[in-house]
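Colleague: I'm new to this one. Could you walk me through how to read its cores and its disulfides?

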Amino acid sequence: RSGRGAVTSLALRALAVLLASALTGGIATMPHAAAADDAAFIARALPRLIHRGGPFLRHPRIVTLTFAGDDDALVTRLARFGDGITRTPWWRAVTDGLCTAAGDCIGDGRPGTHVVLDRTLAATVHANDVAALLKEALAAGMLGALDGETLLLVYLPDGIALTDAFVPRYCGGGPRAFHRALRLPDRTIPYAVVPRCGDEADLTATASHEILEAAANPDPSERGFAFAGGSATAGFGAAGVEPVDPCGLVTQNGHRTMESGFTVQRAWSNAAAARGGDPCVPAANSDPYLALVPAEPSIRLTQLGETTTVTVVAAASRSVGPWRVGVVDLGAASGAPSFEVTLDRDIVRAGETATLSIALRATSRNGQGLIGLVSETATTRTLWPLAIVVH
């Protein structure tokens with residue numbers, strides 16, 4: 001388009017964005033209407049991991065801990081995984097840009113040691129029990145010399161359930177592992193605990209998650225690299241603010257990939273986000289990255305039955321034909337507030353707008369909801385999360 005018609009179209013679109021912002025009680029953050037292939041538009045809307053002042057591991061050294069009686073072949077594979085995974089193309093992709101300054105970054109790791117603990121565990125162990133066991137092993141000199149880049153990676157034996165004060169039982173539909181800081185009188189050592197939720201693929205995928213996030217945040221009480229808090233990151237950070245967390249959400253569980261014969265998880269990349277491409281790397285395929293970008297990263301609803309509308313813009317990282325779109329209430333099955341959500345169209349082209357209608361149907365104690373804006377073709381599916389705060 002050119003001349004007065006193009007100006008009028010853009011003006012109407014800008015007005016729609018402003019109206020949507022007014023309805024949600026915020027200021028429009030959409031930088032401009034997306035062009036047919038506007039990676040820069042996507043890049044401006046995607047959040048970034050930032051350094052929040054805490055420590056991080058620059059060259060992590062993984063000490064792999066297993067237990068006597070475990071399968072020898074599996075133990076050998078897990079040891080090889082720990083020695084090599086932080087020196088692979090996957091590692092370099094998921095840590096690209098995690099720097100505080102030029103040259104001060106999370107870089108390649110180093111091989112560590114492998115320790116087999118000769119200890120019989122109870123059928124259910126508490127996280128505190130694992131911490132106590134590690135302290136005993138350290139005191140006994142069983143873990144060798146540890147430096148400031150060491151990460152202890154504990155694989156629990158088959159048949160042993162893990163619990164803590166927050167999670168009745170790991171695995172199942174909830175968390176599959178954790179990483180924390182072991183606090184000693186003279187130092188703090190990061191460690192991760194991986195229960196046996198599945199087969200080897202499940203173990204290494206979960207371990208890759210914990211290795212990356214423990215390197216980025218070795219002491220969870222002092223964040224290293226994570227999303228900032230606030231409304232701008234509320235949607236993408238709904239599943240967690242560390243590097244792997246958002247990718248399990250936005251890829252709709254398509255977040256596993258292979259590296260050097262092992263299954264690993266995709267993770268958020270600042271470098272990919274800055275290019276306006278799929279922020280979860282390695283990318284699942286070479287297709288253009290598609291998105292439905294809302295005018296606001298989060299909205300507010302105040303009372304039962306209230307309805308609001310939000311303008312969303314279809315965007316693509318490069319030129320592409322039309323694609324299917326839809327919307328889902330991601331919190332409906334988890335006790336979060338529930339909504340009736342609709343889009344006024346189901347096929348879009350890059351640069352076009354659609355109207356999202358949201359009606360609050362039920363409230364809950366936590367007052368936090370999450371809507372997923374889905375873009376889909378025959379070969380790819382992406383999701384852009386929109387956070388909803390209910391007061």
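This is a predicted model: local features need pLDDT of at least 70, side-chain atom pairs count only at pLDDT 80 or more; totals for chains, interfaces and linings use all residues.

Colleague: How many disulfides does the count come to?

Modeller: A disulfide is a covalent bond between the sulfur atoms of two cysteines; here the rule is a pair of cysteine sulfur atoms within 2.5 Å. The count comes to 3. One of them joins Cys-99 and Cys-105, with sulfur atoms 2.0 Å apart.

Colleague: Where do Cys-247 and Cys-280 lie?

Modeller: Their sulfur atoms are joined at 2.2 Å. Cys-247 is in helix α7 (residues 245-250) and Cys-280 in strand β15 (residues 280-281), 33 residues apart. Helices (H or I, at least four residues) and strands (E, at least two) are DSSP runs, numbered from the N terminus. Both cysteines, Cys-247 and Cys-280, are buried, meaning under 20% relative accessible area, with exposed over 50% and partly exposed in between (1.4 Å probe, protein chains only).

Colleague: Which residues touch the most other members of the largest nonpolar core?

Modeller: In soluble globular proteins, nonpolar side chains tend to be buried together. A nonpolar core is a set of buried Ala, Val, Leu, Ile, Met, Phe, Trp, Tyr and Cys residues joined through side-chain atoms within 4.5 Å. In the largest, of 76 residues, they are Trp-268, Phe-339, Ile-358 and Trp-384. Helix α6 (residues 200-216) gives the most to this core, 7 residues.

Conventions. Residues are numbered from 1 along each chain as its sequence is written. Side-chain values use heavy atoms; hydrogens and water are left out.
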